[in-house]
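Have a look along with me.

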Amino acid sequence: MKKLFTFSMLTVFTFSFGQKLFIVKSDEKFGIINESGVEVIPPKYNAIDDFDKMHPNWAKVELENLYGFVDKSGKIVVEPKYQTIENYDEYNDGWALIIKDGKYGFMNEAGKEIVPPMYDKVGKFGEYSKEWILVESQGLKGFIDKDGNIVVPVKYVEVSKFDDVRKNWALVKNRKEKLGFIDKTGKEVIPVIYDTIEAFTKKKGKTTELANAE
């Protein structure tokens with residue numbers, strides 16, 4: 001490592017044991033030096049965020065419009081390869097939303113992809129189920145759980161809210177416009193083979209009548 005004396009110092013923050021680090025700029029690129037003037041991170045990034053802002057001991061960096069993380073030793077802990085890295089814990093504890101090549105996924109607090117960026121859309125926990133999040137790819141929908149596992153395959157063009165027609169069930173439709181039901185375990189409790197499904201409902205003092213569930 002070499003000492004640098006010609007950089008304009010932009011930001012100062014404190015490292016462990018009281019040591020100060022400085023964000024520096026040279027030739028429109030940003031890096032970090034310590035209070036002895038030693039390069040911790042060479043000035044090669046388009047932007048460097050403050051340490052600890054998004055993750056303890058990490059700073060988000062930008063390189064040619066792609067984002068990643070470095071730690072306070074200068075080590076790259078997440079390669080700058082994402083179009084977006086959102087704040088942790090907004091979707092699930094310990095998860096940060098990531099976008100790569102226009103696809104959505106999630107990384108965990110270790111910087112590992114717990115949900116690979118492969119989806120066109122993602123919902124939020126609690127919209128359909130407390131433990132599941134709706135994901136969509138190529139117009140098809142399914143669910144993943146809080147461990148990132150696929151619990152309902154991404155194969156339905158439509159998924160209703162649970163309990164709309166029957167408690168603990170959700171009406172689903174496939175590409176062939178066939179209908180069925182899944183339950184809150186992800187199992188198809190009614191095969192997806194029907195053109196229409198009508199639910200029996202009872203009105204007080206009257207005989208049973210049919211209500212269209214499509």
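My entries below go from the whole chain to single residues.

**Ground rules.** I am working with a predicted model, where local features need pLDDT of at least 70, side-chain atom pairs count only at pLDDT 80 or more, and totals for chains, interfaces and linings use all residues. Residues are numbered from 1 along each chain as its sequence is written, and side-chain values use heavy atoms, with hydrogens and water left out.

**Whole chain.** I looked up the secondary structure and found 22 strands and 0 helices (DSSP runs numbered from the N terminus: E of at least two residues for strands, H or I of at least four for helices). Of the 214 residues, 42% are buried (under 20% relative accessible area; exposed is over 50%, partly exposed in between, with a 1.4 Å probe and protein chains only). The accessible surface is about 12,400 Å², and carbon and sulfur atoms hold 47% of that (Shrake-Rupley method, 1.4 Å probe; for residues, only the protein chains shown count as cover). Next I checked contacts (heavy atoms within 4.5 Å): among those between residues at least 6 apart in sequence, 21% join residues at least 24 apart.

**Y67.** I found this tyrosine in strand β7, residues 66–71. Y67 counts as partly exposed because its relative accessible area is 23%. Leaving aside neighbours within four places in sequence, its contacts include K60, V61 and E62, and also the run E79, P80, K81 and Y82. I also looked up A47, 20 residues away along the chain: its C-alpha atom is 9.3 Å from that of Y67.

**Two positive phi angles.** Most residues other than glycine have a negative phi, so I noted two exceptions. E28 has a positive phi of about 70 degrees and sits in the loop between β2 (20–26) and β3 (29–34). With 57% relative accessible area, E28 is exposed. D52 also has a positive phi, near 70 degrees, in the loop between β5 (47–48) and β6 (58–63). At 41%, D52 is partly exposed.

**A negative patch.** Which residues form the negative surface patch? I get D89, E90, D93 and E109. I placed D89 in the loop between β9 (84–88) and β10 (96–100). D89 is partly exposed, at 44% relative accessibility.

Technical notes
Patch = residues over 30% accessible without salt bridge, like charges linked within 9 Å, V, L, I, M, F, W, Y side chains within 5 Å. Salt bridge = Lys/Arg side-chain N within 4 Å of Asp/Glu carboxyl O. Lys, Arg positive; Asp, Glu negative; His and termini not counted. Charge placed at Lys NZ, Arg CZ, Asp CG, Glu CD.
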